Amino acid sequence: MKDVTITDNIVYIGADDKDLDLFESQYVIPNGVSYNSYVILDEKVAVMDTVDARRREEWLGNLEQALAGRTVDYLVVSHMEPDHAANIQVLAEKYPDMQVVGNAKTFPMLQQFFDIDLTGRTVVVKEGDTLNLGSHELVFVMAPMVHWPEVMVSYEKSEKILFSADGFGKFGALDAEEDWACEARRYYFNIVGKYGAQVQALLKKAVNLDIAMICPLHGPILKENLGYYLGKYETWSSYQPEDEGILVAYASIHGNTKKAAIKMKEILEAKGAKKVAITDLSRDDMAEAIEDAFRYDKMVLAAATYDGGVFPCMEDFLHHLKSKNFQKRAVALIENGSWAPMAAKTMKGLLEQMKEITICDKVVSIKSALKEAAIPEMEALADELLAK
């Protein structure tokens, strides 16, 4: 286990998973993921969440080492998703006097996952309730739909630590040497992105807490420059663009639409666009495409017509954006079609289902291959997008 120091009385007992191919069976994690769990050692002992079943034995070993012969008095369940809650029954059976702490929405869901009788062993908490462990005291803050209905976070008053559940999490094992923002952004928008209003509500509560450290359920413990991290979540959850820039996302069958997308990138850069990113929706990581769509303030969609609509990977991309509450962006459209171009109409129809999306009036329609005659139209479209 990587040495992760929290405080003298709060010990990290989580585990890295570098063998999992897809997180939630859909997100590539080239640098793995961490399942974070903590134990507070005081007059009473409280375990803060468990880990995924894939790392059960390692987690139990870490816990036993931290306990040094002591028993567990409380298990605090902040989130019932299996990558954090898979070992509730195992722990409850190992420590038969242990109380399980959750809220009114926790325990019905717990019974859906496990066949376990917790009669007389539950502590049901609500907003503002506390749990005294001795010199440490937990205050419970409800965080419904960040990103499940039963989610709550815990604030430890004496050491000013926020146990933030899936908030402030990121992909990547704890020993991954990578930029925090990149994988935290991809994690946030693809997993929590739909629930911006709920994240905003939690951030308003967090403002009233004196936080010295944030302990999430995935990713590194945050100890310094907390204003930076809180600021990122404020931007992300309010759906404001993080950076001035343009994502060119293309869906190309035989390569002709790809050539048009690359040409559009060159045109935008020549006209002074600050940052232009480009992604091949057929081949690149869809989660990264979603991340970049939310990161920048503008987007170009270039797609081939397919079966009287739009090439499927573009349609999939737009459905992903809609499901994650994509909004407040300007978008330009380029379509391709050899006999009856329909991609732009389909893309526009999907975009119009989203909030505050400004679609450029001009549409560039290519017939089969990009020709020089289309370049002035692309120049005009670039001018219109840059002016938005």
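**Figure 1. Strand β13 is largely enclosed by the rest of the structure, because five of its five residues are buried.** Buried means under 20% relative accessible area, with exposed over 50% and partly exposed in between (1.4 Å probe, protein chains only). Both faces of β13 are covered: M152, S154 and E156 are buried on one side, and V153 and Y155 on the other. The model is predicted, so local features need pLDDT of at least 70 and side-chain atom pairs count only at pLDDT 80 or more, while totals for chains, interfaces and linings use all residues. Residues are numbered from 1 along each chain as its sequence is written, and side-chain values use heavy atoms, with hydrogens and water left out.

**Figure 2. Strand β13 pairs with β12 and with β14.** Helices (H or I, at least four residues) and strands (E, at least two) are DSSP runs, numbered from the N terminus; two strands pair if DSSP finds at least two bridges between them. Five bridges join β12 (residues 137-142) to β13 (residues 152-156) in the antiparallel sense, and V141 stands opposite V153. The pairing of β13 with β14 (residues 161-163) is likewise antiparallel, over three bridges, with L162 as the bridge partner of Y155. Four residues lie between β13 and β14 in this hairpin, and K160 in the turn has a positive phi of about 60°.

**Figure 3. An open sheet of five strands has mixed pairing.** The strand order is β11-β12-β13-β14-β15. At the edges are β11 (130-132) and β15 (213-215), each of which pairs on one side only. From one strand to the next, the twist averages 20°; axes are lines fitted to C-alpha atoms, for helices over the stretch in contact, and angles run from 0 to 180 degrees between N-to-C directions.

**Figure 4. An open sheet of six strands, also with mixed pairing, is ordered β1-β6-β7-β8-β9-β10.** The edge strands β1 (10-12) and β10 (122-124) each have a single partner strand, so one side of each is left without a neighbour in the sheet. The twist in this sheet averages 20° from one strand to the next. Strands β6 (residues 38-41) and β7 (residues 45-48) run antiparallel and are joined by four bridges; V47 in β7 is the bridge partner of V39. Helix α1 (residues 56-67) lies across β1, β6 and β7, at about 15° to β6. Helix α4 (residues 106-113) lies across β9 (99-102) and β10, at about 120° to β9.

**Figure 5. The largest nonpolar core has 99 residues.** A nonpolar core is a set of buried Ala, Val, Leu, Ile, Met, Phe, Trp, Tyr and Cys residues joined through side-chain atoms within 4.5 Å. The residues with the most contacts inside this core are L301, M314, F317 and L321. Helix α5 (residues 180-192) gives the most to the core, with eight residues. Beyond its neighbours within four places in sequence, L321 is in contact (heavy atoms within 4.5 Å) with I290, A293, F294, M299, F326 and M354. A second, separate core of 24 residues includes V101, L131, M142 and M152.

**Figure 6. The axes of helices α5 and α9 (residues 286-295) come within 9 Å and cross at roughly 95°.** The two helices are therefore roughly perpendicular to each other; angles of 65 to 115 degrees count as roughly perpendicular, under 35 as roughly parallel, over 145 as roughly antiparallel and the rest as oblique. Residues C182, R185, R186, F189 and N190 of α5 meet A287, E288, I290, E291, F294 and R295 of α9.
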